[in-house]
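Thanks for coming. I will take a few minutes to walk through one model.

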Amino acid sequence: MTVLMSSAEGLDLLAHPVAQARLDALRARAADLPHEPSPRQALDALLDQGPCVFLENHRCGVHAARPDGCRAAYVWHEPWFCGRPDYDQCVPAELNALRVARVYERMLAEVEAGRKPFWGFILPVTALLAEHAEAYRGGADLEPLVQPHWLQGELVEFPDAARLRREQAEHRRIFQDERSPLGSPRADDVASRDDLAAIPLY
Ligand code: SF4
């Protein structure tokens with residue numbers, strides 16, 4: 001329930017047929033969010049609400065459209081590390097920076113499309129988009145529609161474009177500058193760090 005996701009990922013998720021079928025449950029859960037709690041109370045309330053609304057028979061019902069936070073959960077290395085004799089079971093810091101940079105990149109693409117992107121926990125982000133997806137696509141600012149307790153619980157945030165550009169550049173720089181002790185992927189997989197950026201993660 002505390003998976004973080006961006007509004008762009010929320011649109012993808014809502015296009016999944018299972019997500020559409022779960023809209024009522026999603027709205028009911030969103031309506032149960034606490035009113036004006038402290039951040040700690042908001043988090044406790046969310047954690048008390050049970051598993052993700054998209055869980056079906058102990059499996060992810062929206063697997064193909066699940067957000068990056070779900071894809072990266074408990075993923076300790078990338079597929080191309082498998083079988084390497086020097087594999088040390090950790091995701092190199094540079095790859096974490098690449099993952100984060102890609103999230104910012106996607107949000108900046110939303111800005112360039114004339115939208116005001118946001119991020120937050122999976123429940124309020126999808127609930128907000130379920131009600132206002134068309135307005136969001138059309139460039140509407142959804143921030144005034146977010147109930148205050150979501151903001152108090154730091155569950156939804158609307159970063160401005162300058163912050164997105166700054167943080168994207170910083171994470172991209174870390175990716176470019178850091179040198180993993182494991183080095184680059186196998187030489188027969190990629191020829192350069194630019195190629196590494198093109199490798200699908202997870
Ligand atoms: S993997 Fe699927 S069921 Fe699990 S938290 Fe993510 S969206 Fe929900």
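Predicted model: local features only at pLDDT ≥ 70, side-chain atom pairs only at ≥ 80, totals over all residues.

Residues are numbered from 1 along each chain as its sequence is written.

The chain has 10 helices and five strands. Helices here are DSSP runs of H or I with at least four residues, strands are runs of E with at least two, and both are numbered from the N terminus. Of the 202 residues, 27% count as buried. Buried is 20 or more other C-beta atoms within 10 Å of a residue's own, exposed is 12 or fewer, and partly exposed is in between, with C-beta atoms placed from the backbone.

Now the sheet. Three strands form an open, antiparallel sheet in the order β1-β4-β5. Its edge strands are β1 (4-6) and β5 (156-157), each pairing on one side only. Strands pair if DSSP finds at least two bridges between them. Between β1 and β4 (residues 119-121) there are three bridges, and Leu-4 stands opposite Phe-121 in β4.

Which strands does helix α1 touch? Helix α1 (residues 7-14) packs on the sheet against β1 and β4, and its direction makes about 90° with that of β1. Helix α7 (residues 122-137) lies across β1, β4 and β5, at about 120° to β4. Axes are lines fitted to C-alpha atoms, for helices over the stretch in contact, and angles run from 0 to 180 degrees between N-to-C directions.

These two helices also meet. α1 and α7 pack at about 90°, with their axes 10 Å apart. That makes α1 roughly perpendicular to α7, a label for angles of 65 to 115 degrees. Residues in contact, meaning C-beta atoms placed from the backbone within 7 Å, include Leu-11 and Leu-14 in α1, and Leu-129 and Ala-133 in α7.

On to the ligand. It is surrounded by Val-3, Cys-52, Phe-54, Leu-55, Cys-60, Val-62, Arg-66 and Cys-70, where a residue counts if its C-beta atom, placed from the backbone, lies within 6 Å. By class, this shell has seven nonpolar, no polar and one charged residues. Nonpolar covers Ala, Val, Leu, Ile, Met, Phe, Trp, Tyr, Cys and Pro, charged covers Asp, Glu, Lys and Arg, and the others, Gly among them, are polar.

Last, Glu-167, in helix α9 (residues 161-177). Why does Glu-167 count as partly exposed? Because Glu-167 has 17 C-beta neighbours inside 10 Å. Glu-167 and Val-100 are 67 residues apart in sequence and 8.9 Å apart in space, C-alpha to C-alpha.

How values were computed
Contact = placed C-beta atoms within 7 Å. Parallel < 35°, antiparallel > 145°, perpendicular 65-115°, else oblique.
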